[in-house]
Amino acid sequence: DEKNPNQIIAELVIPENQGGWFINEIGLYDEDDTLVAVGNCPTTYKPKLSEGSGRTQVVRMIFMIGNGNDLSLKIDPSVVLATRQYVEELITSKIEVLEQFVKDKITPVGVPMPWPQIHPPTGYFECNGAEFDKNQFQKLATAYPSGKLPDLRGEFIRGWDNARGVDPNRMILDWQQDAIRDIWGRLSVVGRSAGQGPIEAEGVFSSDSRWSAAVRTGSADDWGRVYSFNASRVVPVANENRPRNVAFMYIVKAE
């Protein structure tokens, strides 16, 4: 016994396929088949499966000895049969240890992760720019010393340039305004159908119509033109700049 070294606990597990008799007395034998302890117990019938009922029967004997140091226990693990309760408790404890290991080691506190639900799971915060208690969530404060979560609602995460030169002059957690690559176009100021100018409408520009500029008297001419600019002729357009994407909620582990 863990709490009393002068108590020895012997436990017998009788499988459900054995039985058909009453249990009135219990005895403990050593490896030489010598009876070393005996006791009685409430009369209990152990059924067997062929009788229409079956159960795993656990018989436990607890006996006292004068001095725990006088007894030496040697157990052969090849013949030990564990109770179902012992196995379940052991598995539960191991799962708890494994879950804690995964929680502490696999995903560091503060790493933004995409979550496919509208509410974060227990132990996680949404990356919505909210402030948090740095004393209560000290590991999270190590990642975000300001005590404020990044606001990633509707935002894309970009890898820090770190002196590569692709996106220079940026700091960690630095927010960047949207932008697009330059859209070009060119056109000639004056042009006639019979004698086109050196440059026609190109790129984002197009020639929509012409009118008479009355540059000379007599017959009408077609020197006047109207030009329009429309980026959708070249690239897909929307009310923002964005790549193809799928919407997730960004969350961080709180502790």
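Modeller: A salt bridge here is a side-chain nitrogen of Lys or Arg within 4 Å of a carboxyl oxygen of Asp or Glu. The model under discussion is predicted.

Biologist: With that cut-off in mind, which residue meets Arg153 in a salt bridge?

Modeller: The nitrogen-to-oxygen distance of this pair is 2.8 Å, and the limit is within 4 Å.

Biologist: How many salt bridges does the structure hold, and which residues are linked in a network?

Modeller: The structure holds five salt bridges. One of them joins Arg158 and Asp167, at 3.6 Å from N to O. These two side chains belong to a network of salt bridges, whose members are Arg158, Asp167, Arg170 and Asp174.

Biologist: Is Asp167 buried or exposed?

Modeller: Its salt-bridge partner Arg158 has 49% relative accessibility and therefore counts as partly exposed. For Asp167 the value is 9%, and the cut-off for burial is under 20%. Asp167 therefore counts as buried.

Biologist: Which parts of the chain does the pair of Arg60 and Glu11 tie together?

Modeller: The side chains of Arg60 and Glu11 meet at 2.5 Å, N to O. Arg60 counts as exposed because its relative accessibility is 52%, whereas Glu11, at 40%, is partly exposed. Arg60 lies in residues 57–64 and Glu11 in residues 7–14, so the pair ties together parts 49 residues apart in sequence, namely strands β4 and β1.

Biologist: Turning to the aromatic rings, how are the planes of Phe125 and Phe137 arranged?

Modeller: A search of the whole structure finds two aromatic pairs. In the pair of Phe125 and Phe137, the ring centres are 5.1 Å apart and the planes stand at 80°. An angle over 60 degrees is the criterion that applies, so the pair is edge-to-face.

Biologist: Where in the chain does Phe137 lie?

Modeller: Phe125 is placed in strand β6, residues 124–126. Phe137 is twelve residues away, and the pair links distant parts of the chain. With 11% relative accessibility Phe137 counts as buried, while Phe125, at 25%, counts as partly exposed. The position of Phe137 is the loop between β6 and α2.

Biologist: How far apart in space are Phe125 and Val252?

Modeller: Beyond its neighbours within four places in sequence, Phe125 has contacts that include Tyr250, Ile251, Val252 and Ala254. Phe125 and Val252 are separated by 127 residues in sequence.

Biologist: How many residues form the largest nonpolar core?

Modeller: Among its members are Phe132, Phe137, Leu140, Tyr144, Leu149 and Val252. Of these, Tyr144 is in contact with Phe132, Leu149 and Val252, among others. A second, separate core of ten residues includes Ile14, Ile26, Ala37 and Ile65. The largest core has eleven residues.

Biologist: What is the area of the nonpolar surface patch that contains Leu90?

Modeller: Leu90 lies in helix α1, residues 84–106. With a relative accessible area of 36%, Leu90 is partly exposed. Together with Tyr86, Val87, Ile91 and Ile95, Leu90 makes a patch of about 440 Å².

Notes: Residues numbered from 1 in each chain as written. Predicted model: local features only at pLDDT ≥ 70, side-chain atom pairs only at ≥ 80, totals over all residues. Heavy atoms only, no water. Core = buried A, V, L, I, M, F, W, Y, C linked by side-chain atoms within 4.5 Å. Buried < 20%, exposed > 50% of the residue type's maximum accessible area, 1.4 Å probe, protein only. Contact = heavy atoms within 4.5 Å. Phe/Tyr/Trp six-rings, centres within 6.5 Å; stacked < 30°, edge-to-face > 60°. Helix = DSSP H or I, 4+ residues; strand = E, 2+ residues; numbered from the N terminus. Patch = residues over 30% accessible without salt bridge, like charges linked within 9 Å, V, L, I, M, F, W, Y side chains within 5 Å. Areas by Shrake-Rupley, 256 points an atom, 1.4 Å probe, with all protein chains shown as cover.
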